[in-house]
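Please prepare a briefing on the contacts between the parts of the structure shown below.

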Amino acid sequence: MKAAAFAYARATSVANALDLLAAHGDRAKVLSGGQSLMPAMNLRLISPELIVDIGELTELRGITVRGDVLVIGALTRHVELLKSPDIAAHAPLLVDAVAHVAHPAIRNRGTLGGSLAHADPASELPACMLALDATIIVRGPGGERRIAAEEFFTGIYETALAPQELLVAIELPVAKKGSVHFFHEFARRHGDYAIAGLAAQASIDGGRFAGLRLGFFAVGDRPLLANAATRLTGVEVSAAVLTEACAALDAELDPQEDQQASPEMRRHLARVLLKRGVAALLGRPELGAGATT
Amino acid sequence: MTSVRVNPDALSVLDRPNSYIGKTVPRPNLERLLQGRGLYVSDIELPRMAHVVFLRSPHAHAKIVGIDAAQARAMPGVIAIVTGQELAAVITPWVGVLSHLKGLKSAPQSAIAIDRVCWQGEAVAAIVATSRAAAEDAAEHVAVEYEELEAVTDMRTALDPATSVIHASLGDNLAFERVHVAGEVDQAFADSDEVVETEFIFGRHTGVTLEPRSVVADWNAAEARLTIYQGTQAPHMVQNIVALHLGLREAQVRVVCKDVGGSFGIKVHIYADEMATYALSKLLRRPIKFVADRVESFNTDIHARDHRCRGKIGVKRDGTITAFEIDDLTGIGPYSMYPRTSAIEANQVVNLVGGPYTSKNYRARARVVFQNKNVMCQYRAVGHPIACSVTEGLVDLAAMKIGMDPLEIRRRNLIADDAYPCGSPSGLRFEKLSHHASLAKLVKMMDYDALRAEQAALRKKGIHRGIGIASFIEVTNPSAAFYGVGGAKISSQDGVAVRLDAQGSVICATSITEQGQGSESLTAQIVGSVLGVSTDRVRVILGDTDMTPYGGGTWASRGAGIGGEAALQATKILRKNILDVAAVILQSTPDELDIANNAVVNASDGAPRIELNELARVVYFRPDTLPPGIQPELMATKHFVPREYPFAFTNGVQASWLEVDTETGFIRLLKHWVVEDCGTIINPQLVDEQIRGGVVQGLGAALFERCIYDERGQLTNANMADYLVPMSGEMPDIDVGHVVSPTLESELGAKGAGEAGTAGAAAAVSNAVNDALQPFGVTITEIPLTPQVVLTALGRV
């Protein structure tokens with residue numbers, strides 16, 4: 001279990017990293033936290049010719065608030081998200097989500113940009129980006145592109161990022177007053193990839209959802225921003241409305257089969273998550289109780 | 001820890017002042033391991049040492065048409081590429097059978113496959129290079145042409161006439177069958193008020209050791225001697241087997257076993273790739289290192305527990321169990337493992353089902369079949385989790401059927417604590433067990449009635465919690481009945497040599513081994529207590545066939561009970577010898593003297609007479625000052641093997657308290673209790689942690705662990721992300737209590753404790769899940785209890 005030989009370059013600037021990527025294209029791989037890349041290389045699932053290590057690029061670090069926008073550098077580590085007062089104040093959903101990401105040793109190394117660029121459909125942060133309406137900022141030979149999170153994830157380990165581009169930051173609208181969030185995932189063990197998960201962000205007005213963004217993960221080939229949310233917005237949510245929303249959600253899902261769950265079980269768990277999530281967001285436990293079919 | 005000593009003896013050598021027996025003392029190897037100064041096989045670097053990587057079959061069953069290694073041979077760092085045919089020049093094949101398992105058959109197995117591969121992961125070529133990385137690079141360029149053969153993967157159809165036979169010379173795929181009948185089974189079922197029958201399914205899983213299997217083999221042509229550094233539980237067994245198959249005398253083989261990162265029975269077998277590594281060293285005349293990586297560990301470390309067992313129980317309305325019947329089927333891979341065989345687990349299932357209970361009517365059949373999957377063999381608590389889950393599952397189903405509390409049915413059927421010695425319908429002999437005392441203690445520890453009340457209250461709120469109970473018996477301290485009588489050269493005796501050094505410290509060499517369970521600690525505690533010296537004065541040497549007495553090693557919960565008794569007896573002799581010489585020096589008599597706190601003292605008032613270092617100085621450097629004719633002997637050796645009973649059975653009972661989320665199928669373990677009786681407890685902390693570790697491995701089987709094969713015989717989850725080992729986040733608190741019934745076979749009185757936790761944990765969990773699901777009218781008799789299994793049973797998906 002040793003990686004095949006590869007060349008290694010430590011990028012000295014974003015421009016330098018982009019030059020290296022431009023020169024080597026998809027024969028190069030960007031090394032950020034390395035928590036997915038290194039195991040894949042050691043298992044010889046991938047054998048890149050060149051590793052471009054961006055670990056020293058301080059310009060990709062840091063969490064800042066600019067007016068209504070929260071900017072998070074791509075090299076921000078999971079542990080930094082977990083501990084940042086700015087994240088806790090303006091995007092508390094991320095704090096809840098990161099607690100479910102693997103284990104402390106991995107969170108100490110893994111980065112936000114790495115997780116998004118890797119785009120594992122069962123990982124937590126991509127779904128959070130959907131729920132939080134994030135904009136993903138990438139830089140390439142042609143300059144900077146701003147990509148809505150909904151457009152960024154295109155399939156299993158696939159994104160809108162081109163081989164010559166580098167994910168540099170994400171931007172989030174800061175959470176408005178009165179907004180609430182919900183995060184839960186079903187995983188066999190704490191820290192495992194989810195069998196099904198939900199990252200939700202909502203605003204509530206008079207006991208009704210004024211806004212509701214439901215980011216499901218591990219129930220398809222990419223994180224899903226569920227349209228079913230529209231059925232729950234601006235209306236008095238009853239058990240019947242919720243059941244309708246569940247049916248609508250079901251129609252949106254295309255879950256995969258794997259060793260942990262059949263597609264049918266993933267659909268079932270997604271419905272349970274929707275019910276429990278809505279109940280928690282509205283503070284109405286009765287909506288989440290009882291058998292789900 | 002609290003304990004009740006059932007058989008209080010007169011003051012023994014263990015009850016001396018300052019005895020370490022029954023006390024938690026720091027482990028002597030702790031500092032070394034914590035400071036990173038352990039020496040594992042991976043740490044060993046020898047001059048001219050090369051690394052071997054095995055190219056492994058991607059197919060479950062295939063003919064090897066040709067191997068083209070020309071390109072790989074030319075790669076940087078490559079020393080040799082060796083095929084099975086080439087290696088056969090220096091090593092002979094083996095057949096994993098034992099004569100006492102009547103009818104057991106298997107086919108000859110080679111160190112590296114020669115014409116045919118029989119499971120995905122079997123080695124087809126050895127690539128030897130200057131580094132592991134260089135060898136892996138070269139392995140990618142060895143071209144093997146295969147012709148795929150039909151793979152036998154489903155044990156249920158392995159014996160069908162339409163299924164191909166894996167080894168034509170054997171005639172069929174049946175490795176072993178045992179039928180056992182005791183009492184009047186049909187009559188008993190006919191006389192029962194209720195008969196319950198069901199099938200129990202157990203997932204194939206493995207024992208995941210932190211340190212993988214590792215070997216450095218060093219053939220010294222000048223000495224004609226092979227030195228093997230290996231993390232093994234049984235160094236003398238390895239020595240014997242290596243000598244036999246490499247054409248050497250045992251004296252030409254030295255096996256050195258330094259620190260070992262976990263074993264669990266995984267490292268007590270002879271593996272083909274390890275045999276190949278020994279042979280490669282001889283062939284290439286240089287040291288060769290093999291360290292399995294995680295993927296090959298999953299594909300080649302023995303698997304276990306792949307059983308489907310039909311079980312039947314008869315019960316009367318008053319709770320009397322009338323009979324047990326089982327029909328067990330297990331698939332063991334393409335070969336019976338060497339030298340302990342792969343029939344032992346099924347044989348144990350037959351032996352153990354119904355074991356805690358008084359019912360005398362028992363019928364059992366076990367069949368062991370070949371498959372094209374990785375080999376299966378003995379892993380921690382061999383057969384016990386199967387037997388316990390079947391027995392205790394049936395007992396609970398019977399109780400449910402007649403509407404009796406699961407505690408009550410056990411109280412009415414467990415063998416009475418004053419009924420010993422007695423036997424079981426399968427022929428086991430019990431010296432002294434304590435089922436009722438253990439159950440009573442468990443009920444108190446868990447506050448059973450309060451839990452039942454809590455369960456009832458929560459059920460009204462839609463929260464479904466369950467209580468599961470599992471009584472068990474456990475084989476420990478095996479005599480020659482386990483392997484020796486079947487012809488295996490696996491010692492059932494162990495030896496200890498103790499000597500006083502020239503400054504009054506003790507060097508103790510023992511044939512048991514240490515893989516993390518505390519063999520070194522318990523040996524030092526026994527020697528220190530019996531002799532009267534502090535444990536910091538006792539140095540324990542283990543794991544070296546050149547240095548230690550001959551013995552079996554550490555497996556089958558035998559280290560403390562057998563090796564510990566040898567240490568006790570050897571130290572008694574040393575103590576006597578010291579007192580003899582002290583009496584001469586002090587012009588006293590041995591009876592008037594004792595040893596305490598590293599000095600010879602007056603037996604009467606404890607007054608110090610002569611420090612041990614002073615005594616040693618006189619003996620070693622000034623024997624001229626002793627009277628004529630005195631020849632002091634400050635070294636003593638004793639061996640021990642149990643002779644009265646084939647096995648020292650232990651017993652115990654476990655309980656699980658858990659919650660089932662009936663909407664999602666997820667199970668949350670809330671609490672686990674164990675009461676066990678391993679006889680004399682040498683070190684309470686080591687015993688408790690052995691129990692806890694064992695429980696955790698049992699809980700892994702109950703909820704998480706499974707080697708998932710597809711229908712073509714491909715292991716599809718051979719990594720730590722997809723194969724789920726139990727982790728601390730999901731583990732409940734585990735409370736451990738003890739009842740103490742020492743075995744009278746030894747002065748020490750210790751029985752084994754290493755496997756009891758694993759024996760009953762899954763049974764307790766399964767019973768608790770079924771207890772929780774009672775309102776739904778659902779019972780599940782399959783492990784692992786995954787959310788998918790639970791949801792499916794509940795009809796939710």
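The briefing below treats a domain interface and then a chain interface.

This is a predicted model, in which local features need pLDDT of at least 70, side-chain atom pairs count only at pLDDT 80 or more, and totals for chains, interfaces and linings use all residues. Residues are numbered from 1 along each chain as its sequence is written, chains are lettered from A and ligands numbered from 1 in the order in which they are written, and side-chain values use heavy atoms, with hydrogens and water left out.

**Domains of chain A**

- Chain A is assigned domain 1 (7–53), domain 2 (59–173) and domain 3 (179–287), with bounds taken from an automatic or database domain assignment.
- The centres of domain 1 and domain 2 of chain A, taken over C-alpha atoms, are 19 Å apart.

**Interface of domain 1 and domain 2 of chain A**

- Contact (heavy atoms within 4.5 Å) joins 13 residues of domain 1 of chain A to 17 residues of domain 2 of chain A.
- The two domains bury about 1100 Å² between them, 69% of it on carbon and sulfur atoms; buried area is the accessible area (1.4 Å probe) that two parts lose on being put together, summed over both.
- On the side of domain 1 of chain A, the residues that lose the most area to domain 2 are A:V14, A:L18 and A:Q35, together 44% of what that side buries.
- Zero salt bridges are found across this interface, a salt bridge being a side-chain nitrogen of Lys or Arg within 4 Å of a carboxyl oxygen of Asp or Glu.

**Interface of chain B and chain A**

- The contact involves 31 residues from chain B and 28 residues from chain A.
- About 2500 Å² is buried between chain B and chain A, 52% of it on carbon and sulfur atoms.
- In chain B, the residues that lose the most area to chain A are B:E663, B:F666 and B:Q788, together 25% of what that side buries.

- Five salt bridges are counted between chain B and chain A.
- A salt bridge links the side chains of A:R276 and B:D661 at 2.9 Å, N to O.

**Composition of the side of chain B that touches chain A**

- Helices α4 (132–139), α8 (294–300) and α19 (787–793) of chain B each supply at least two residues of this side, where helices are DSSP runs (H or I, at least four residues) numbered from the N terminus.
- The largest share, four residues, comes from α4(B).
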